[in-house]
Amino acid sequence: MSSIPIECYLILSAFMFCVGVAGVLIRRNAIIVFMCIELMLNSANLTLVTFSSYLGNSIGQVFVFFVMTVAAAEAAVGLAIIIAIFRNKKTVNIDEINIFKW
Amino acid sequence: MINLIYLTTLLPLLGFLINGLFGRKIKNEKVIGLIGSATVGLSFLVVLGAFIQTVGLPIENRSNTVELFSWLNVGGLQIKFAYLVDQLSLTMSLIVTGVGFLIHVYSIGYMHGDKGFWRFFAYLNLFIFAMMNLVLGDNFVVLFLGWEGVGLCSYLLIGFWYDRKFEKGTTSQAAKKAFVVNRIGDFGFLLGMFLIYMTFDSLNFKEVFARAASFPIAESTFALIALFLFIGATGKSAQIPLFVWLPDAMAGPTPVSALIHAATMVTAGVYMVSRASIIFASAPAIMTVVAVIGLLTAIMAATIGLVQNDIKKVLAYSTVSQLGYMFLAAGVGAFSASIFHVMTHAFFKALLFLGAGSVIHGMHDEQNIQKYGGLKKYMPKTYLTFFIATLAISGVPGLSGFFSKDEILWSAYANGGFVFWLIGAITAMLTAFYMFRLVSLTFYGKERFDHHHVHPHESPALMTVPLIILAFLSVVGGYVGIPKVFSGQHGNLFEGWLEPIYAPAMAKLATFGSHTHLEEILLMTVSVTAALSAIYFALHVYRKNPQIAENVSKKFKGLYNLFLNKYFVDEAYEAAVVQPIQKGSEKFLWKTFDVKFIDGMVNGVASLVEKGSGLIRKIQTGVAQSYAVVMMAGIALVLLWLILSL
C-alpha cells in the first residue's frame with residue numbers, strides 16, 4: 001500500500017464522486033439515479049478509509065461502517081418508495097414525477 | 001349610626017346582587033319585592049338614625065367623615081373611599097332612601113305580573129346604591145362613581161321594556177339618547193375634575209373647598225372649573241342645552257320616572273352645584289350663567305308643558321321646569337333654597353308621577369290625557385293625592401311647594417333683580433295652569449274613553465298607601481322651611497340647618513341688598529294671586545268650556561305648534577349634530593375612508609404578496625433533479641469561494 005501514493009486514492013474518489021453527481025443530475029431513470037447516489041456514498045467511504053490508513057487512525061474506518069449501514073437502510077427505503085411510485089405512476093422517470101410542487 | 005352609614009349603600013347593593021343573580025330562580029314576586037324594598041327601607045332607618053345623631057351634635061361637629069378603605073393610590077394621587085356625613089348629604093340621603101323606599105313599595109303593585117319583575121327590582125336597588133354613593137361621597141371621585149352609576153341605571157331602566165314601541169322608535173332608542181346626552185355632560189364634569197386636581201392638588205371635598213376659600217387663585221380658573229362642572233350638571237339635571245333626553249326618558253316604567261327622572265337622579269346636578277358652592281361663588285360670571293340657564297329652562301319647559309297630551313310628558317316638562325327653578329336659586333346664591341326645592345319637589349313630583357302611574361295602570365296603559373276624563377269617581381284616592389300634589393306644585397299657600405318656590409322667587413328678586421323674579425313668577429303661573437289643565441282633563445269633565453274596552457279602577461293598597469304618605473309629606477314638607485317673614489326670630493329652620501355648609505360661599509358672595517319685609521310679602525301676594533288666577537282660568541277652560549282651548553290654539557297656531565313640537569329642539573339637534581355625524585360617518589368615514597383607504601391598504605398588501613409569489617412560484621418545478629442541480633451549483637460556488645479565499 002505504501003507503494004501507491006495517497007493522491008491516487010483521492011483522485012479516484014473524486015472521480016467516482018463526480019460520476020455520481022453527474023448521474024444524479026442528468027439521468028432520468030430513478031434506479032440509475034439511486035445507484036449514482038450509492039456511488040457518491042462509496043467515493044466518500046473510499047476517502048475515509050484512505051485517510052484512516054494514511055493517518056493510522058481507526059475512526060475513519062468506524063465511520064465507514066456507519067455509512068454502509070445507513071446506505072443499506074436508505075437503499076431499502078428508497079427502493080420501496082420507487083416501487084410505490086411505479087405502482088401509482090407506471091413510470092420511474094424522474095422528470096415525469098413532478099409531484100413536489102404546490 | 002353615623003359610623004354605620006356604609007350600610008346605606010351596602011344593603012341596596014346586597015339587594016341588587018340577590019335579586020340580580022337569583023331573581024330569575026326565586027320567581028316569587030312577594031319575596032323579590034320584599035328584598036328590594038326592605039334593603040332600601042333599612043337604609044332609610046340607618047340614615048334617619050345618623051340624622052338624629054347629627055342633630056344632637058353641636059353645630060361645629062356635624063360634619064363627619066367615615067373612611068372605608070383606601071381606593072386609589074397612584075403617585076401623589078390618593079383617593080380614599082370615604083363617606084361624608086353632613087347636613088347636606090344627610091338631607092339628600094333622607095330624600096333618596098325615603099322617597100325611594102315608598103317608590104319600591106309602590107312598584108311591587110305597579111310591576112305585578114311583569115316578566116322582568118326581578119330585573120326591575122335589581123336595577124332599582126342598584127340605582128339606590130349608586131345614588132347613595134353620589135350624595136355621600138367624600139370626594140369628587142366617589143361622587144363621580146355614583147354619578148356614572150345612576151346614569152347607567154337610568155339607561156337600563158328607560159330601556160326596561162326593550163321590546164316595546166315608544167313614539168316613533170323604540171324604548172332602547174330613548175335609553176340610548178339619554179345615555180349619549182348624559183355622556184356629553186359627564187365629559188364636562190370630568191374636565192372640571194381634572195382642572196380641580198390641577199388647581200388644588202386634591203379631589204377631597206374638604207381639602208378642595210378649604211383651599212378654594214383661602215388660596216389666591218385667579219377668578220378665570222374658578223370660572224373654568226365652575227363652567228365645566230355646570231356642563232356636567234346640565235346633562236344630569238336636564239337643563240338647556242342638554243335637556244332633550246328627559247322627556248324621552250318617559251319610555252321607562254312610571255315608578256322609574258318618579259324615582260330617577262323626578263325625585264332623585266335629576267337633582268344630582270343641583271346637589272353637585274350646591275356641594276361645590278364655594279367654587280361657584282368664586283366665579284360670579286358663571287353664577288349668572290347658572291341662573292340665566294335655569295330661568296330659561298324653567299320658562300321654556302313650562303310653555304312646552306302647556307300643550308302636551310301625554311300625561312307623563314306633561315310631568316316630564318314640568319320636572320325640567322322645576323329643575324330650572326333649582327338652578328335659578330343656586331345661580332342667585334340661594335343654595336339652601338335650591339336644596340329645599342329639591343326636597344319638596346321630590347315629594348310632590350314623585351307623588352304626581354306615581355299618581356299618573358296609578359291612572360295609567362287603571363286605564364290599561366293609555367297615556368293620552370285627551371282619552372281620559374271624569375276619572376274622579378273611579379279613582380278617588382288617586383284623585384285626591386294627585387290633587388294635593390298639584391296644589392303643592394302650583395304654589396298654593398300652606399303646601400310645601402309654596403314655601404320653596406316663594407323662597408326661590410324672593411332670592412331671585414333680592415339677588416338677581418326684578419326681571420328674574422318676573423320670569424320666575426310667570427313660570428309659576430304657567431306651572432299652575434298646565435297642572436290644572438292636566439287635572440281637569442284627567443279627572444273632571446266628560447268621560448272620553450271607550451267604555452267597552454276600558455274599565456277604570458282604583459289601584460291596590462300597595463300603590464295607594466305610598467301615594468297617601470307622599471301626599472302627607474307634600475303638605476307638611478314645607479313647614480321645615482318657613483320663611484323668616486312669617487317665623488320671626490327663629491328664622492328659616494331649613495336654611496339654618498344647611499347654613500354651615502354654605503358659610504364659606506356666602507362669605508365670598510356680594511352682600512344681599514337690603515329689602516323690607518313689606519316688599520317680600522307684596523311680591524308673594526302677587527305671585528300667589530297670579531298662580532290662583534291661572535288655576536281658576538285652567539279650571540274654567542278645561543273643566544267647563546273645552547272649546548275655548550281649541551279656539552285659542554287655532555288663533556295662535558304658530559305659537560301652539562312651536563310649543564307642541566318642543567321649540568323644534570330635537571329636530572334642530574338632529575339636523576345640526578346627529579345628521580352630520582351620521583352622514584359624515586356613512587359617506588366619508590365608511591364608504592370613502594374605510595372602504596377605499598383602509599380596505600385598499602389591507603387588500604393591496606395581500607395582492608402584492610400574491611403577485612410576487614406568483615412569480616417566485618415558477619422556480620418550484622417539482623422535479624427533484626432541478627432542485628439537485630441548484631443544490632450542487634450552490635455547493636460548487638461555496639467550494640469555489642473557499643478555495644479562492646484561501
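How many helices and strands make up the secondary structure of chain B? In this predicted model, the secondary structure of chain B comes to 26 helices and four strands, and its C-alpha atoms fill a box of roughly 120 × 70 × 55 Å when the box is taken along the principal axes. Chain B has 646 residues, of which 50% count as buried. If we take the contacts in chain B between residues at least 6 apart in sequence, we find that 81% of them join residues at least 24 apart.

The domain assignment of chain B gives domain 1, covering residues 1-138, domain 2, covering residues 171-556, and domain 3, covering residues 570-645. The centres of domain 1 of chain B and domain 2 of chain B, taken over C-alpha atoms, are separated by 24 Å, and between these two domains 28 residues of domain 1 are in contact with 35 residues of domain 2. On the domain 1 side of this contact, at least two residues are supplied by each of β2 (77-85), α3 (87-110) and α4 (117-136) of chain B, and it is α3(B) that gives the most, with 16 residues. Sorted by class, the residues on this side of domain 1 of chain B divide into 20 nonpolar, five polar and three charged.

From the surface between the domains we can turn to the nonpolar cores. In soluble globular proteins, nonpolar side chains tend to be buried together. The largest nonpolar core here has 207 residues, and those that touch the most other members include Phe127(B), Met131(B), Phe280(B) and Val290(B). The largest share of this core comes from α4(B), with 17 residues, while domain 1 and domain 2 of chain B each contribute at least three residues to the core. To follow one member in detail, take Met131(B), which, if we leave aside its neighbours within four places in sequence, is in contact with Val96(B), Gly146(B), Val150(B), Thr264(B) and Met265(B). There is also a second, separate core of six residues, and Val21(A), Val24(A), Phe34(A) and Ile94(A) are among its members.

Which numbers of residues does the contact take from chain A and from chain B? Ten residues come from chain A and nine residues from chain B, and the side of chain A that touches chain B has seven nonpolar, one polar and two charged residues.

Methods: Residues are numbered from 1 along each chain as its sequence is written. Chains are lettered from A and ligands numbered from 1 in the order in which they are written. This is a predicted model: local features need pLDDT of at least 70, side-chain atom pairs count only at pLDDT 80 or more; totals for chains, interfaces and linings use all residues. A residue is buried if 20 or more other C-beta atoms lie within 10 Å of its own, exposed if 12 or fewer, and partly exposed in between; C-beta atoms are placed from the backbone. Two residues are in contact if their C-beta atoms, placed from the backbone, lie within 7 Å. Ala, Val, Leu, Ile, Met, Phe, Trp, Tyr, Cys and Pro count as nonpolar, Asp, Glu, Lys and Arg as charged, and the others, Gly among them, as polar. Domain bounds come from an automatic or database domain assignment. A nonpolar core is a set of buried Ala, Val, Leu, Ile, Met, Phe, Trp, Tyr and Cys residues joined through C-beta atoms within 7 Å.
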